[in-house]
Amino acid sequence: MATDMQRLIGTSEEDDEEEMDMDVKEEGDGDDDEDVEKHVDATPMMIGVDGGMATSCGNNNRFQQHQQMQEVGTPGGGGARRCRPLEEKERTKIRERQRRAITAKILAGLRRHGNYNLRVRADINDVIAALAREAGWVVLPDGTTYPSNSQGPRPAGVNSTAVTSSSSQMMSQTTPVSLKGVTSDYQSSVEHNAGHMKSVFMPGSSPYDLPSIITGDGGDQTQSHPLIGGSMDNVGDKQIVDMPQKLPERDFANTAYIPVYVMLPLGVINMKCELVDPDGLLKQLRVLKSVNVDGVMVDCWWGIVEGHAPLEYNWNGYKRLFQMVRDLKLKLQVVMSFHECGGNVGDDVCITLPHWVAEIGRSNPDIFFTDRAGRRNPECLSWGIDKERVLRGRTAVEVYFDCMRSFRVEFDEFFQDGIISMIQVGLGPCGELRFPSCTVKHGWRYPGIGEFQCYDQYLLKSLIKAAEARGHSFWGRGPDNAGSYNSRPHESGFFCDGGDYDGYYGRFFLNWYSRVLVDHGDRVLSLAKLAFFGTCIAAKVS
């Protein structure tokens with residue numbers, strides 16, 4: 001009789017195990033009531049304190065039934081003990097909801113980033129099976145798992161564990177060591193011992209680390225949080241720390257080779273075209289060689305090599321630098337920089353345009369870009385003089401080409417030996433193909449829209465000519481409602497919704513403005529291709 005009563009009533013500890021291991025199927029708030037009904041139906045026969053049978057019919061018997069559920073006679077007559085209170089049941093349901101929410105995120109991540117074909121109502125068994133099959137294991141429908149014939153013996157450290165589902169089916173699953181960059185030392189929880197455990201979770205290295213089981217002395221097991229890589233647990237008088245497994249290095253075999261070049265400091269060559277610190281530079285180059293970089297990238301400044309007089313080039317510092325690079329069997333990428341250095345973010349040196357160009361600029365400031373207020377920007381030459389012979393009888397494009405041709409002739413042996421692998425051609429401010437519309441020295445701050453830079457006499461002449469060709473000579477002017485450097489688009493009549501930019505004049509002006517930029521890039525790159533025939537040519541577009 002005592003055995004039958006134990007079988008019918010059970011113990012509160014067994015109820016705890018069943019509640020923690022089962023998959024809760026409830027959906028929404030209405031399932032909470034259904035869970036309570038299931039608990040009541042699970043005990044069809046209750047023994048009252050007086051030994052009689054309890055009934056649940058009638059309102060007067062509800063209090064008696066409640067009392068009988070709270071106090072149940074033990075088989076040995078050793079007194080009464082309490083069943084689990086409702087608060088504990090609610091906490092259990094909250095934990096189950098949290099666990100299901102985390103599982104749903106894991107499944108969504110595997111579907112989206114891992115291309116795993118998991119069904120909509122997938123559970124943790126499906127996840128383990130998918131991971132095992134990806135690692136080359138065979139997983140049968142009944143859960144039987146074993147290595148495939150091609151895999152050989154089962155690797156050490158990979159365990160097979162039983163998984164308890166909501167239908168109480170026992171399935172054996174095996175976990176791969178590492179899949180798709182996810183630390184998968186995962187094992188499902190099989191049973192929870194009656195002993196109490198206190199866990200303190202520590203953040204892991206990856207949000208996709210899967211939970212793991214730690215077995216301590218006496219068979220105690222703790223489970224880490226599914227979204228946290230490591231955990232620390234107190235089991236009895238011992239403390240066990242689970243550290244996340246390190247991610248394996250990726251195998252780049254049979255992939256495209258990507259060369260690595262390191263940019264040298266901007267001021268490695270001074271204004272006299274000499275190496276600033278040859279010994280220190282050699283040590284740095286040797287370090288780069290030791291880590292197997294392919295080469296280095298260096299700026300070749302127009303303001304240094306042709307700094308004092310037109311067509312008088314000084315390449316001495318670059319010759320010594322290039323020879324050091326060749327001796328170390330490194331390669332070179334050279335940037336032909338036709339702008340000044342020192343007024344932009346990251347500039348730690350000051351390298352101006354050639355002195356003779358600055359002298360011309362003092363007498364003819366229209367060789368520089370100009371904003372609506374007449375402020376000049378000496379960072380680079382205006383594209384309006386690309387075809388104007390204002391630089392001691394040469395145009396700006398001819399000046400660029402003469403410098404590039406001199407470089408090609410001076411370092412011909414480096415081109416022939418393949419030491420110089422690429423030439424990057426500077427096309428504007430910071431070496432980029434763009435207008436200097438957002439100049440810090442003129443007060444611009446992010447996120448201002450900047451200003452049009454077309455008010456030097458040469459670009460205005462080009463604009464007037466284009467307007468007359470369209471039959472609208474009054475279009476030969478810049479916009480007068482485009483705001484200032486720090487304006488927002490909605491604050492200007494030109495860029496706001498429905499503004500002048502979308503009208504006939506606005507479309508004409510923007511088309512001309514962008515055409516000036518594109519034509520400049522075409523002209524300079526065409527001459528660069530001629531000067532560096534057979535060499536890879538690059539440019540920066542902003």
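Two strands pair if DSSP finds at least two bridges between them. Helices (H or I, at least four residues) and strands (E, at least two residues) are DSSP runs, numbered from the N terminus. This is a predicted model, in which local features need pLDDT of at least 70, side-chain atom pairs count only at pLDDT 80 or more, and totals for chains, interfaces and linings use all residues. Residues are numbered from 1 along each chain as its sequence is written, and side-chain values use heavy atoms, with hydrogens and water left out.

**Whole chain**

Start with the protein chain in cartoon view: 14 helices and 22 strands are assigned. Buried means under 20% relative accessible area, exposed over 50%, and partly exposed in between (1.4 Å probe, protein chains only). Of the 542 residues, 40% count as buried. Switch to a surface view: the chain exposes about 30400 Å², and carbon and sulfur atoms supply 52% of this area. The areas come from the Shrake-Rupley method with a 1.4 Å probe, and for residues only the protein chains shown count as cover.

A contact means heavy atoms within 4.5 Å. Of the contacts in the chain with a separation of 6 or more, 65% are between residues 24 or more positions apart.

**The five-stranded sheet**

Select E14, E15, E16, E19 and E21. They form an open sheet in the order E14-E15-E16-E19-E21, with parallel pairing. At the edges are E14 (261–263) and E21 (536–538), each of which pairs on one side only. Neighbouring strands are turned by 30° against each other on average, direction ignored.

Now go across the sheet pair by pair.

- E15 (residues 295–301) and E16 (residues 331–337) run parallel and are joined by seven bridges. Val296 stands opposite Leu332 in E16.
- E16 and E19 also run parallel, with five bridges between them. Met336 has Val425 in E19 as its bridge partner.
- E19 and E21 pair in the parallel sense over three bridges. Met422 has Cys536 in E21 as its bridge partner.

Colour E19 by accessibility: five of its six residues are buried.

Which strands does helix H9 touch? Select H9 (residues 316–327): the helix packs on the sheet and touches E15, E16 and E19 (420–425). The direction of H9 makes about 175° with that of E15. Next select H11 (residues 396–410), which packs on the sheet and touches E15, E16 and E19. The direction of H11 makes about 160° with that of E16. For these angles, axes are lines fitted to C-alpha atoms, for helices over the stretch in contact, and angles run from 0 to 180 degrees between N-to-C directions.

**Nonpolar cores**

A nonpolar core is a set of buried Ala, Val, Leu, Ile, Met, Phe, Trp, Tyr and Cys residues joined through side-chain atoms within 4.5 Å. The largest one has 80 residues, and Trp302, Tyr318, Phe322, Leu381, Phe407 and Ile420 touch the most other members. Helix H14 (residues 504–531) supplies the largest share of this core, 10 residues. Another core, of 10 residues, lies apart from it and includes Ile106, Tyr116, Leu118 and Leu131.

Centre the view on Trp302. Not counting residues up to four places away in sequence, its contacts include Phe338, Leu353, Trp356, Leu381 and Tyr400.

**Salt bridges**

A salt bridge is a side-chain nitrogen of Lys or Arg within 4 Å of a carboxyl oxygen of Asp or Glu. A search of the whole structure finds 21 of them.

First, where do Glu340 and Lys441 lie? Their side chains meet in a salt bridge (3.6 Å, N to O). Glu340 is in the loop between E16 and H10 (355–363), and Lys441 is in the loop between E20 (432–433) and H13 (457–469), so the pair ties together parts that are 101 residues apart in sequence. Glu340 is buried, at 14% relative accessible area, and Lys441 is partly exposed, at 47%.

Next, select Arg375 and Asp371, whose closest N and O atoms are 2.9 Å apart in a salt bridge. Arg375 is partly exposed at 35% relative accessibility, while Asp371 is buried at 0%.

Last, select Asp402 and Arg394, whose side chains form a salt bridge (2.7 Å, N to O). Asp402 is buried at 14% relative accessible area, and Arg394 is buried at 9%.
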